[in-house]
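Q: I am new to this one and would like to go through it slowly. Could you show it to me first?

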Amino acid sequence: MGAVTDKITEEIDNLGVDEIAPGLAQVAVALAESIDEPGGPTGKANAARELRAVMNDLRKLAPVEVKGDAVDDIAEQRAKRRAAAREQAAGG
């Protein structure tokens with residue numbers, strides 16, 4: 001695989017959209033492969049434009065990843081302090 005194909009495949013894996021939209025993911029890989037192949041600049045430019053559009057669609061389909069933010073971290077710390085205080089009050 002070429003550099004573009006490797007990066008596109010990696011991004012598709014990271015997005016987790018291969019099972020959601022396998023056909024669209026395969027189109028993205030095929031377009032990336034056509035960019036990596038030797039050829040004229042016009043064909044590569046067209047493939048790049050289409051690849052950008054397909055990847056934008058795939059990014060929109062990607063499941064939302066829930067990550068903790070500062071508020072979640074504070075709530076977790078508070079819960080730990082409360083549990084420790086309860087344990088101490090219970091004589092543990």
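This is a predicted model: local features need pLDDT of at least 70, side-chain atom pairs count only at pLDDT 80 or more; totals for chains, interfaces and linings use all residues.

Q: Ok, which residues have the most contacts inside the largest nonpolar core?

A: They are Ile 8, Ile 12, Ala 28, Leu 51, Met 55 and Leu 58, in a core of 16 residues. A nonpolar core here is a set of buried Ala, Val, Leu, Ile, Met, Phe, Trp, Tyr and Cys residues joined through side-chain atoms within 4.5 Å. Buried means under 20% relative accessible area, exposed means over 50%, and partly exposed is in between, with a 1.4 Å probe and protein chains only.

Q: Switching to charges, how many salt bridges does the structure hold?

A: The structure holds 2 salt bridges, where a salt bridge is a side-chain nitrogen of Lys or Arg within 4 Å of a carboxyl oxygen of Asp or Glu. One of them joins Arg 59 and Glu 11, with the closest N and O atoms 2.6 Å apart. Arg 59 lies in helix α3 and Glu 11 in helix α1, so this pair ties together parts that are 48 residues apart in sequence.

Q: How open are those two to the surroundings?

A: Arg 59 is partly exposed, at a relative accessible area of 37%, and Glu 11 is also partly exposed, at 24%.

Q: Where do Glu 76 and Lys 80 lie?

A: Both lie in helix α4, 4 residues apart, which is about one turn of the helix. Glu 76 forms a salt bridge with Lys 80, and their closest N and O atoms are 3.5 Å apart. Glu 76 is partly exposed with a relative accessible area of 44%, whereas Lys 80 counts as exposed at 55%.

Q: Which residues form the positive surface patch?

A: Arg 78, Arg 81, Arg 82 and Arg 86 form it. Patches are made of residues with over 30% relative accessible area and no salt bridge, with like charges joined within 9 Å and nonpolar side chains (Val, Leu, Ile, Met, Phe, Trp, Tyr) within 5 Å. Among the four, Arg 81 sits in helix α4 (residues 70–89) and is exposed, with a relative accessible area of 53%.

Q: And which residues gather in the patch of negative charge?

A: On the surface, that patch brings together Asp 6, Glu 10, Asp 13, Asp 18 and Glu 19. Asp 18 is in the loop between α1 and α2 and counts as partly exposed at 42% relative accessibility.

Q: Last one, where is Asn 14 found?

A: Asn 14 is found in helix α1, where this residue is exposed, with a relative accessible area of 60%. The C-alpha atoms of Asn 14 and Asp 57 are separated by 15 Å, and the two residues are 43 apart along the chain.

Note on methods
Residues are numbered from 1 along each chain as its sequence is written. Side-chain values use heavy atoms; hydrogens and water are left out. Accessible areas come from the Shrake-Rupley method with a 1.4 Å probe; for residues, only the protein chains shown count as cover. Lys and Arg count as positive and Asp and Glu as negative; His and the chain ends are not counted. The place of a charge is taken as NZ of Lys, CZ of Arg, CG of Asp or CD of Glu. Helices (H or I, at least four residues) and strands (E, at least two) are DSSP runs, numbered from the N terminus.
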